[in-house]
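User: I would like to learn how to read packing and confidence in a model. Please take one feature at a time.

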Amino acid sequence: MKQHDWLDHDDPLALLREESVPADSLARVRAGVAERISTHQTHFVWWRIMLAAAAAGLAGLAILTWRLGPEPKMPTPTLARIPVPQLMVNRSVMTERPIRLKPMAKTRAVRQTRLIGKYQVGEQTVLKLSTGIAGVSLAAVSSVRSSE
Amino acid sequence: MFSTTAVPKFAGPISGFAESIPDPPAELLVRAKTGDQTAFEQLIRLFDRQLIRLSCRMLGQLSDAEDVAQESLVRFHANLRRFDSVDEIAPWLYRVAIHLCRDQIKRRSRWSNELPEATVPSRTEGDLEVDQRRALLMRALQRLPERERAAILLRDLEGLTAEAAGEILGVSAATVRVQVASARAKLKLWLEQKL
């Protein structure tokens, strides 16, 4: 047999095909795979536990806030809820003296009145109103009882 | 195209590991998908030798090949649910391993232009001359362009068809045939010069 017989065909890699994989190499790969999967699964479990704990904490906080939170506020009276007769646009906020308005002007003032602010005085909710009528103070105040 | 039952085809016994697979691969896959670790370990034994061998010949380094094989198998575990059939596993693993080898080759080329010293798995007993020939073959393989090396390894060493190799490498069967023919010619020429 000539020295180079193994090259004298179209399959020079046949020699490599016969080769086996070393057992220690195989063992290292298998052990490495097992270890990495185990680590991954442990991390995965821990992440799930932490996520579940965080979700439970948030839910608990939401429940506590709901149960122990401040009392819900009384509904704020709005202009639409206040009966027109209760509006007293004919008082000046500065002087507390009645403002003389002709009936039509008074009606117009009531119709055009819009809420520009509100504050609480004792049991009363004081609405700061603007009539939008020249000559009638923009700071005209109407005092009404809250949510009757 | 791929036969998983005929996957273990290495010569020589490997001590310390059971060579017989007690359950059919399809059943192992089903069990592994449900989280059965033992089934998964049995399943990867069908492929790990091939992966090490292919990676070793692609990279020329057994230690790097072990890393590539390990990473491929870990990715396989992470993607277990996508496999409906055992026949899909081998091509997928080959593809992942080839890509990882390419990444490794690119990483190497950034640091050094020299070819790595090819390592041949140590043998407890064997013919010295055969070992020398193997070492020479490994060096010859490392001199091939990476695409031609992958093509000839899949065709001539793993015994895949040109179509199957093309599917793995992302090229046509005709391209694989051209690459393999070119690689064979280069190998033969280089080996004849060296002997």
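User: Which residues does Leu43(B) touch, not counting residues up to four places away in sequence?

Analyst: A contact means heavy atoms within 4.5 Å. Leu43(B) touches Pro25(B), Leu28(B), Leu29(B), Ala32(B), Phe76(B) and Ile89(B). This is a predicted model: local features need pLDDT of at least 70, side-chain atom pairs count only at pLDDT 80 or more, and totals for chains, interfaces and linings use all residues. Residues are numbered from 1 along each chain as its sequence is written, chains are lettered from A and ligands numbered from 1 in the order written, and side-chain values use heavy atoms, without hydrogens and water.

User: Which residues of α9(B) are buried?

Analyst: Buried means under 20% relative accessible area and exposed over 50%, with partly exposed in between (1.4 Å probe, protein chains only). In α9(B) the buried residues are Ala173(B), Val176(B), Gln179(B), Val180(B), Ala183(B), Leu187(B), Trp190(B) and Leu191(B).

User: Why do the buried residues line one face of the helix α9(B)?

Analyst: An α-helix has 3.6 residues a turn, so residues three or four places apart point the same way. Seen down the axis of α9(B), the buried residues fall within an arc of 120 degrees (directions from the helix axis to the C-beta atoms). Val178(B), Leu189(B) and Gln193(B) are exposed on the face turned away from the buried side. The cover over the buried residues includes α6, α7 and α8 of chain B.

User: What is the mean pLDDT of chain A?

Analyst: pLDDT is the predictor's confidence in each residue, from 0 to 100. The mean for chain A is 66, and 39% of its residues reach 70 or more. Over residues 137-148 of chain A the pLDDT is below 50.

Conventions
Helices (H or I, at least four residues) and strands (E, at least two) are DSSP runs, numbered from the N terminus.
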